[in-house]
Number of protein chains: 2
Amino acid sequence: MSEHFADRLMAAVERTGGPVCVGLDPVVERLPAELREASAGEALAAFGQGVIESVADVAAAVKPQLACYERHGVAGLAAYEATVRAAREAGLLVVADAKRGDIGISAGHYAAGLLGPDAIGGGADALTVSPYLGPDTLEPFADAAVAHGAGLFVLVRTSNPGSDALQRLRLEDGREVCEAVADQVVELGDRCVGDSVYSAIGAVVGATHPEDAARLRRRMPRQVFLVPGYGAQGGGVADVLPCFNDDGRGALITASRSVIFAYEKRDASVGWRDAVRDAATAMRDELALGLRAGG
Amino acid sequence: MSEHFADRLMAAVERTGGPVCVGLDPVVERLPAELREASAGEALAAFGQGVIESVADVAAAVKPQLACYERHGVAGLAAYEATVRAAREAGLLVVADAKRGDIGISAGHYAAGLLGPDAIGGGADALTVSPYLGPDTLEPFADAAVAHGAGLFVLVRTSNPGSDALQRLRLEDGREVCEAVADQVVELGDRCVGDSVYSAIGAVVGATHPEDAARLRRRMPRQVFLVPGYGAQGGGVADVLPCFNDDGRGALITASRSVIFAYEKRDASVGWRDAVRDAATAMRDELALGLRAGG
């Protein structure tokens, strides 16, 4: 198997039948009752293990949200570590949703902590990073990613309601701020394009702005888009289609709460793992149908 | 003592004789030889304890860099926890240099993990956060800060060489991107101004751009500036003076490597703790002299 992140990701999407990424955003109060008797750290780890086993042949990747783990301190980070290991063992790619960003020397520390075989849990396959400090601060992350066959997803256009306030400000040169960041991502990513013609340096582009996604897709043809906002945040199949290239590739669609808490909307006779699996399978099939119809 | 972060900070600056913040950016290879025999986590914790004891009556605050701890995984985060506790016990304010930023629900998780009595180490006194996602994503951080008498420092103008690439882009309306962020910080901070007339919501403004600092000082009169870049990154006293208001207040100057690794440049007969203490004391006295001459 190729060592290049984008190539591995494309292979995983092909194998599982769709570009599904399950966001692991566990909060103790919403976990299945049977898990809530343990400590927070143990409950998070057990939940992660259960979700991973339930979606392993339906999803290409999981995306643990570091915030959900770090809110429980050391025990929470231990649960993150166990979750990364479990996902790797199950053959799922791991996108560490950390949104880190710091000056170069500190960026290097974050990269060392999260990517590569010596990193926590044996390392994530990709990492989300924030561009505000400037492209020089993304380079240590990119270096680590390339060294380890891992990837980055740089925040470009996020899914939250207030994302316009900075990302859509219009520059003197006609671009929006998010377009300027997109151009920086393209430049950063040019050096690490894989056999799939996609770069290891991708972009976060939310599902809640389909018209922006179409423009950003043209602007960043070789970037894989990590697309949050599907499901609980309101994005549907039609909203995410502009994130794909004409060949039906180039985007990884993330749903978190709508999948991992799917048991909340099911009859109590359905086990929580089955409910999670059903939700991930339905998402995969919806996306596959939409991509066939759209392509 | 007032519960307001800015009031507590001003009192600490007054008590210790200067606006000194010692950045805790430990890397194992540079620690004193006597500490390097322990595990990485133990070495980081012991070093933090030693620095804190050495600077407790000279510095107003310490600023642990989360990246340095998280690169060592669970053991590293345990060292961060021990360091926060040690600083609190020594009466030092703690600025968690985390540069977090995420959509609202995740921002709330990060805030819960880092601020307040139930947070790791008993909670930091302030937290650095990143503005790229938009002001709505800073609100959960601000809510937590206000609830716990803590503070925030929002990245506005950072000290790294490539910070111009995004932060100084010119907007159609004439502002630079960093000025637009500054305006958002002012708006966010208006609701939590303390008796000191400073807000609990401050700004990160690097020491490496003195001309920008002066403009940003006028733009954000009630924001405390957290000023990295002093020392190892090249900023000196003259560079940081524009970060202060005319009353000599309103900035907290951070030096990390030039203080915590000061023993590298001293004779081996000087103990490492004494070298650290001397460097912090010299910095405090330089700043006090500069502020008297400048004011």
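Two aromatic rings of Phe, Tyr or Trp (its six-membered ring) count as a pair here if their centres lie within 6.5 Å; planes under 30 degrees apart make the pair stacked, over 60 edge-to-face, and the rest tilted.

Some ground rules before the points. This is a predicted model, in which local features need pLDDT of at least 70 and side-chain atom pairs count only at pLDDT 80 or more, while totals for chains, interfaces and linings use all residues. Residues are numbered from 1 along each chain as its sequence is written, chains are lettered from A and ligands numbered from 1 in the order in which they are written, and side-chain values use heavy atoms, with hydrogens and water left out.

1. **Aromatic pairs in chain A.** Searching the whole structure gives 14 aromatic pairs over all chains. In one of them, the ring centres of F47(A) and F261(A) are 6.2 Å apart and the planes meet at 20°, so this pair is stacked. F47(A) belongs to helix α2 (residues 40-55) of chain A and F261(A) to the loop between α11 (257-260) and α12 of chain A, so the pair ties together parts that are 214 residues apart in sequence. Helices (H or I, at least four residues) and strands (E, at least two) are DSSP runs, numbered from the N terminus.

2. **The ring cluster.** Y263(A) and W272(A) form an edge-to-face pair, 6.2 Å centre to centre with 75° between the planes. Ring pairs join F47(A), F261(A), Y263(A) and W272(A) into a cluster. Are its members buried or exposed? Relative accessibility is 1% for F47(A), which counts as buried, and F261(A) is buried at 3%. Y263(A) is buried with 13%, and W272(A) counts as buried with 8%. (Buried is under 20% relative accessible area, exposed over 50%, partly exposed in between, using a 1.4 Å probe and protein chains only.)

3. **The barrel of chain A.** Eight strands close into a barrel in the order β1-β2-β3-β4-β5-β6-β7-β8 (chain A), with parallel pairing; two strands pair if DSSP finds at least two bridges between them. From one strand to the next, the twist averages 30°. Helix α12 (residues 272-294) of chain A packs on the sheet, where α12 touches β1 (20-24) and β8 (251-255) of chain A, and its direction makes about 145° with that of β1(A). Axes are lines fitted to C-alpha atoms, for helices over the stretch in contact, and angles run from 0 to 180 degrees between N-to-C directions. Contact means heavy atoms within 4.5 Å.

4. **Strand β3 of chain A.** Eight of the eight residues of β3 (residues 93-100) of chain A are buried, so the strand is largely enclosed by the rest of the structure. L93(A), V95(A), D97(A) and K99(A) point one way from β3(A), and V94(A), A96(A), A98(A) and R100(A) point the other way.

5. **Helix α6 of chain B.** Which residues of α6 (residues 139-147) of chain B are buried? They are F141(B), A142(B), A144(B) and A145(B). These cover an arc of only 165° around the axis, which puts them on the same side of α6(B); the arc is that of the directions from the helix axis to the C-beta atoms. Their cover includes β3 (93-100), α5 (104-114) and β4 (126-129) of chain B, among others. After α6(B) comes G149(B), with a positive phi near 65°.

6. **Around V259(B).** V259(B) sits in helix α11 (residues 257-260) of chain B and counts as buried at 2% relative accessibility. Leaving out residues up to four places away in sequence, V259(B) touches V22(B), V276(B), A279(B), A280(B) and M283(B). The C-alpha atoms of V259(B) and A280(B) are separated by 6.0 Å, with the two residues 21 apart along the chain.
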